[in-house]
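Hi everyone, thanks for coming.

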Amino acid sequence: MLNKLLTLVLVREPSRVLLGLKKKGFGEGKWNGFGGKVEPGETILEGAKRELLEESGVVSNSLEEIGLLKFEFVGDPQILEVHVFTSNTFEGEIKESDGSTRIFLHFAEMRPQWFYTDKIPLHQMWADDKYWFPMFLKGSKFKGYFLFEGHEKIVKYQLDEVEKLNS
Ligand SMILES: Nc1[nH]c(=O)nc2c1ncn2[C@H]1C[C@H](O)[C@@H](COP(=O)(O)OP(=O)(O)OP(=O)(O)O)O1
């Protein structure tokens with residue numbers, strides 16, 4: 001079976017990272033970067049850029065691929081292949097929560113918010129994030145594999161810092 005291709009974009013400033021609270025779908029209730037399925041006819045990079053815009057409201061022309069994560073769930077033959085990108089610039093306005101956008105945000109899939117790098121809400125994120133987020137924050141690239149049982153428990157994993165991602 002072919003891997004399911006997904007993207008994950010982490011916009012960052014020197015001391016902050018932009019995350020979104022996923023309000024429905026896969027990973028509901030968790031803070032995460034922005035991303036989703038790569039659609040037929042688009043490259044992985046194009047998919048990352050599109051999902052970032054749809055979910056956060058900003059455009060990035062400087063996405064850099066920094067991670068490749070594979071996820072398997074016990075009892076499910078499908079492998080999720082998540083391509084992780086970062087960007088330290090963006091254009092446009094973040095759809096952050098304030099009075100004027102509340103109605104719109106009610107329907108949006110993600111609620112964006114900046115987090116200081118020493119206050120990343122790891123306990124409200126996917127369980128694998130606590131392993132690779134520190135690598136991301138210090139500017140390393142990484143490759144990983146995680147076997148989940150359910151959505152919270154990791155039963156096996158492997159994670160390596162790499163020089164290059166030649167995926
Ligand atoms: N274990 C994990 N750790 C992590 O940090 N991010 C993960 C993850 N597993 C999946 N993701 C990310 C990848 C992608 O950005 C997102 C899931 O993609 P989608 O938003 O497309 O999922 P949905 O099933 O909600 O999509 P739709 O059915 O199109 O609404 O979650």
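Along the sequence, the protein chain reads β-β-β-α-β-β-α-β-α-β-β. That comes to three helices and eight strands, where helices (H or I, at least four residues) and strands (E, at least two) are DSSP runs numbered from the N terminus. The radius of gyration of the protein chain is 15 Å, close to the 15 Å from the globule rule for 167 residues, so the chain is as compact as a globular protein of that length. Here the radius is taken over C-alpha atoms, and the rule is 2.2 Å times the number of residues to the power 0.38. The C-alpha atoms fill a box of roughly 45 × 40 × 30 Å along the principal axes.

Two housekeeping points. This is a predicted model, in which local features need pLDDT of at least 70 and side-chain atom pairs count only at pLDDT 80 or more, while totals for chains, interfaces and linings use all residues. Residues are numbered from 1 along each chain as its sequence is written.

Now the strands; two of them pair if DSSP finds at least two bridges between them. Let's begin with β4, residues 64-73, and β5, residues 76-87, which run antiparallel and are joined by nine bridges. Glu64 has Thr86 as its bridge partner in β5, and Phe71 stands opposite Leu80 in β5. The two strands form a hairpin with two residues between them, and Gly75 in the turn has a positive phi of about 90 degrees.

Which way does β4 pair with β7? In the parallel sense, over seven bridges, with β7 covering residues 141-149. Leu68 is opposite Lys143 in that strand. β5 also runs parallel to β1, with eight bridges joining them, and there Thr7 stands opposite His83 in β5.

On to the core. A nonpolar core is a set of buried Ala, Val, Leu, Ile, Met, Phe, Trp, Tyr and Cys residues joined through C-beta atoms within 7 Å. Buried means that 20 or more other C-beta atoms lie within 10 Å of a residue's own, with C-beta atoms placed from the backbone; 12 or fewer is exposed, and in between is partly exposed. The largest such core has 29 residues, and those with the most contacts inside it are Val9, Leu10, Val11, Leu69, Val82, Val84 and Phe85. Elements giving two or more residues include β1 (4-12), β2 (16-22), α1 (44-56) and α3 (129-137), and β1 gives the largest share, five residues.

Contacts are C-beta atoms, placed from the backbone, within 7 Å. Leaving aside neighbours within four places in sequence, Leu10 is in contact with Val17, Gly33, Val84, Thr86 and Phe136.

Why is Ala48 called buried? Because 27 other C-beta atoms lie within 10 Å.

Finally, the ligand. How many residues surround the ligand? There are 16, the closest being Gly25, Phe26, Gly35, Gly36 and Trp126; a residue is near if its C-beta atom, placed from the backbone, lies within 6 Å. β1 supplies the largest share of that shell, three residues.

How values were computed
Contact = placed C-beta atoms within 7 Å.
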